[in-house]
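I opened my notebook to look up a few helices and strands.

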Amino acid sequence: MKKFLVVSLLVLPYLVVAQPTTEAKHPWSQRMAATIMAAKSDAQGHLKDDPHAHWEYETAVFLQSVEQIWYRTGDARYFDYIKQTMDRFVESDGSIRTYKPETYNIDFITPGRSLLMLCQQSLPDKEKYRKAADILRKQLAEQPRTNEGGFWHKKIYPYQMWLDGLYMAEPFYAEYTRLFEPEGKDFTDIINQFVWMEQHARDTKTGLLYHGWDESRQQKWADPKTGKSPNFWSRSIGWYVMALVDVLDYIPANHPRRAEVVAILQRLMPAVVKYQDPKEGCWYQVTNRGGDKGNYLEASGTSMFVYGLAKGVRMGYLPASMMTYARKGYAGMLKNFISTDEAGHIHLEKTVSVSGLGGNPYRDGSYEYYLREPLRQDDLKGVGSFIMASVEMEIADETSLGKNKVVGLDTYFNHESRKGLNGQPEPFHYTWEDRQHSGFWLWGNTFRDLGAKTVSIPTAPTAAALKNVDVYIIVDPDTPKETLTPNYVNQAEIKAISDWVKGGGVLVLMANDTSNCEHTHFNQLAAAFGVQFLPKNVNMVKGDQYEQGMVTIVAGNPIFPQVNTVYIKELSPLSVKAPAHAVVSKGDNVIMATAKLGKGTVFVVGDPWLYNEYTDGRKIPARYQNFKAGKELATWLLKQ
């Protein structure tokens, strides 16, 4: 069969990309991304330029999937891919090249998710991404609406809401609200978009949602009584499903109407799985007409349903039994939609290029219309959703380790603050939420991918505070130069922590170099487990002489079985005595130690070496395996 590759209009200029390997031992998500990244590169490894590129949603979907791979790997190639794609369009003042706000095209909002990711990173030019995101938010503020308030899909489609539009706009809208609008009033508007879409598009007989709804009843495709389009298109329902599970990442847990979004997902997915092909596990282009003449199993809709099912189960929105359908669907995807070329690259087959309503030439939404749109290989709408589904299935294979376990991160002894993106004070430095180089966001994501729940512990450690915590992490207690009123570890807290460890708790103590960490009281706690942070600093690094911060992990290490080289700079070495013992050393210096006390375990290191700056792949050379070491340490801690 002749192969052809759909290359998005958003291509990257002059970015050298070392192609991720396509060997079969690597996850399907990475192999699929490798295909697209390789196809866009020339013989010298530079990504091809396209003077006709414009701001659009298809690549935005792919970039969203690339972002998920970056979080899973800490490989900066994926981050660079996203950033330089955005830099192709975002000017230094935040304006967006080729973007046309006057069209009020809701598809143009989708790339904003990458802008929001970038403006949360430690980047010298991150403010331009915030300004670009503000432009897209302004479009939403001015977007034409139905009489009750639903967003029109585009200005040229008046009074129409399409399922597609919920994915294009709402996850960006929700994350923007979470980041920049402290009062969060717009969450009600966001939730209403889902509620109104379901009310107007749901079919009471099947439980499925029609592709579109015309409030004016003027379109030829619209039912004159209900305004609904005539058929169920799997990818449109898939967009809506992905929007549901993604928007819930940002709607606060205590929002009074959050449960309405969850309830919509819980109504929709049982209806969707009824139409899963019983033999192949995939879904048809026209969802409810499997086996009818001309209908076929389609890749993008199937990928979106698998993604929604798997993430819905992982986040607790759907019952665990729904994973049966996700696994069956994913196996069907690999069987029916994945091909491999002579070079070893995989390809995604059978993604429908487009399906819409109205326009010119007119699309009437008939069964015959949906079947005559062409299929494409490696269409980015399918590729992006396939990668996201693959990432979810990769996570699903690991979550049993941390199931029902809670990893608590202290923010009482370490409680520095800074001005946040919304202008309000926010905690930072080794927090789960901090995505800049100073945070533990990536390490927290690793724990979450392993099935654990991450929480912050803003109070002093007491028996009550630690009662439901399985792993308790204390990092870099504050000195007076970092916090005006630092909280020092006292004897009552040492006893509470020691008793908790004896009862089976897993404690992690991470200090810092002598000038940036309160050692005196922290050492009183460490002494309860046979450890002391020594009053000296080792692995001092000048500039980019990274080899000065190298620590070698000896083969056979019980905590780091597959890691051999990590980077830890300016740390305090340890002295150890029973019950503690060294597990990683460099010369005469003990770098890491562990101890057993009662039923519990303690891990100690003289530096917070797993914060984003040294795990996201953007600063230190790739030979240093800090990201992988973070996953192996998280795995070990959850196994104790």
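My entries below go through a helix pair, a strand and one more helix.

**Ground rules.** I am reading a predicted model, where local features need pLDDT of at least 70, side-chain atom pairs count only at pLDDT 80 or more, and totals for chains, interfaces and linings use all residues. Residues are numbered from 1 along each chain as its sequence is written, and side-chain values use heavy atoms, leaving out hydrogens and water.

**Helix pair.** I looked up H1 (residues 28-39) and H2 (residues 58-73), which pack at an angle of about 130 degrees with their axes 11 Å apart. Helices here are DSSP runs of H or I with at least four residues, and strands are runs of E with at least two. I noted that Ser 29, Gln 30, Ala 33 and Ile 36 of H1 meet Phe 62, Ile 69 and Thr 73 of H2, where contact means heavy atoms within 4.5 Å. These contact residues divide into four nonpolar, three polar and no charged.

**Strand E12.** How many residues of E12 (residues 506-510) are buried? Five of its five are buried, meaning under 20% relative accessible area with a 1.4 Å probe, protein chains only. Val 506, Val 508 and Met 510 lie on one side, and Leu 507 and Leu 509 on the other. In a regular strand, side chains alternate between the two faces of the sheet. I also found E11 (residues 471-475) pairing with E12 in the parallel sense over five bridges (pairing needs at least two DSSP bridges). Val 508 is the bridge partner of Ile 473.

**Helix H14.** Eight of the nine residues of H14 (residues 441-449) are buried, so the rest of the structure largely encloses this helix. Among the buried ones I listed Trp 441, Trp 443 and Phe 447. Gly 451 follows H14, with a positive phi near 100 degrees.

How values were computed:
Axes fitted to C-alpha atoms, helices over the stretch in contact; angles between N-to-C directions. Nonpolar A, V, L, I, M, F, W, Y, C, P; charged D, E, K, R; others polar. Buried < 20%, exposed > 50% of the residue type's maximum accessible area, 1.4 Å probe, protein only.
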